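Please walk me through this structure, beginning with the ligand and what surrounds it, and then the layout of the chain.

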Amino acid sequence: MKNDPNCKFDVAKIRSDFPILSQKMNAKPLIYLDSAASTMKPRQVVESISDLYYGYYANIHRGVYLFSQISTEKYENARSVVKKYINAKYDEEIIFTRGATESINLIAHSYGRPNLKEGDEIIVTEMEHHANIVPWQQLCKETGAKLRYIPFDDKGELILEEYDKMVSNKTKIVSIVHISNSLGTINPVKYIFNKAKEVGAVTLLDASQSIQHVKVDVQELNCDFLAFSGHKIYGPTGIGILYGKLHLLEDMPPYQTGGDMIKSVSFERTLFADIPGRFEAGTQNIEGAIGLGAAIEYVSSIGLDEIAQYEHSLLEYANQKIREIPQVTIIGNAKQKASLISFLLEDIHPHDVGTIMDKLGIAVRTGQHCTEPTMKHFGITATTRASFAFYNTIDDINVFIEGIKQVIETFE
Ligand SMILES: Cc1ncc(COP(=O)(O)O)c(C=O)c1O
C-alpha cells in the first residue's frame, strides 16, 4: 500500500494493468469505488479477447479446421481454469452461463422443478440479492413449495439459531449468498451447508461477491451448486459460471434446447448431449469464456491471500476514516466483512450523495442494490455504497472521505 512501507502489495503495478483507472470522469481523476457492481478489466483480459478476434476466431465444437479447433481448445481450457480455481473435481462440473442470474435460474428450473413438491421448503437469507430470491419464489409458485429466509440482526449477521430451528427434513434447497453485496457480511457458509447436509438438502452458494475476494473451495464448503458472474471478477460481462456436482448435473434435464446440446435429433425424438454440453445450448459466448479464464489466471497470479489481505487493509482504513465523520451511519457492521461500506448521511438522499460524488470523479453506487428485503430490514430505501478492489489505494479513500465532507457542506 502506498502509504504503508511494510506492505508488499504492488498496487501501482496492478493499476498499470487497468488503463481505465487513469481516465478522468467529469474532468477529475477517476476514483472507482463500484467494483461490487462490476469490476474493471485488466489489459490481460482485453488482450485475450482481441487475440481471439484478431488471431484465431471461429465457432467452437463444430469446425474440423484449425481455427475452430484452437478456439474450442481455448474455450475448454477456460473451463479447466475455473475448475481449478474453485477446486471442482471435474471439468464437466463447470457450465458456462450468462451470469449468476442465469445460473440460479437454471438450477431453479432444471433441479427445482423435477425435485420439489408441495410441502417442501427452500431456505435463503434475508440479505439475498433479488437474483437469489425471485427464481425460488417462481419455483415455489409452480410447485407449492415454501420459501423461508434466515433473518439477520441489526449488525447484518445471520441469526443462526433461527436457521437451526428452521432447517428440517422438509428443507430441500439451501441457497445463500456468501458475501452480501449491500452489507458486506461474510456469511458462515460452512456451518449453514453442513447443517443442510444433515437433512439431505441440496446447497447452492451465490459466490457473486466472494469469488473475487476470498478462496472459494466447493469441496471444502460442501457446496452442491455455485453461481457467479464473470464481470465481478475482472472478466467480461455476459459470461458466468454454474458449478454443479457431477451426479446432480447428470440427472438434470436441459434448461434451454437447440443446437450443440444434442447427441442426435430426428422429428420423432432428440437425445441430449452429456454434461456440460447439455446445458450450453446454441453458439456460446466464446470470447466471454476465454476472457473469464484470463481474468481468473490474472487474479491467481496476484494471489487470493494477498488480495484479501490488501483489501482488508483498505476496508480498515476506510472504516476508521469514515467513522470520524459524525453524520455517517454505516449500514452493515458484521464482524466478518468484505471490502465494502454501505452508509447513510443523515437525511441526505443517497442519490444526491452519488450525484455530487460523480462531479468529483468518484463512482459510488446508490440505491437498494437489488436487495429490497435487506433495505426493508433497516427501514430504509437506499444507501450509498463504496466498494473497494485490489486496484484501489489509500489515496482513493482519502478523496472519497473528502467527497463525503463536501456533500455534507453542500447541504449545510
Ligand atoms: C450477491 C449477488 N448475487 C447475484 C448477482 C447477480 O449478478 P448478475 O446480475 O451478474 O447475474 C449480483 C450482482 O450484483 C450480486 O451482487
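Gln-209 places a polar side-chain atom 2.8 Å from an oxygen atom of the ligand, a polar contact being a pair of N or O atoms within 3.5 Å. Thr-101 has a polar side-chain atom 2.6 Å from a ligand oxygen atom, and for His-231 the distance from such an atom to an oxygen atom of the ligand is 2.7 Å. Of the 390 Å² of accessible area that the ligand has on its own, the protein covers 84% (Shrake-Rupley method, 1.4 Å probe).

This is a predicted model, in which local features need pLDDT of at least 70 and side-chain atom pairs count only at pLDDT 80 or more, while totals for chains, interfaces and linings use all residues. Residues are numbered from 1 along each chain as its sequence is written, and side-chain values use heavy atoms, with hydrogens and water left out.

The residues around the ligand (a heavy atom within 4 Å of it) include Ala-100, His-129, Ala-131, Val-177, Asn-181, Asp-206, Ser-208, Ser-229 and Lys-232. By class, this shell holds three nonpolar, seven polar and two charged residues; Asp, Glu, Lys and Arg count as charged.

The protein chain is divided into domain 1, residues 11-39 + 303-406, and domain 2, residues 46-301, with bounds from an automatic or database domain assignment. Their C-alpha centres lie 27 Å apart. Across the boundary, 38 residues of domain 1 are in contact with 36 residues of domain 2, where contact means heavy atoms within 4.5 Å.

How values were computed
Polar contact = N/O pair within 3.5 Å; in protein donor to acceptor, adjacent residues only side chain to side chain.
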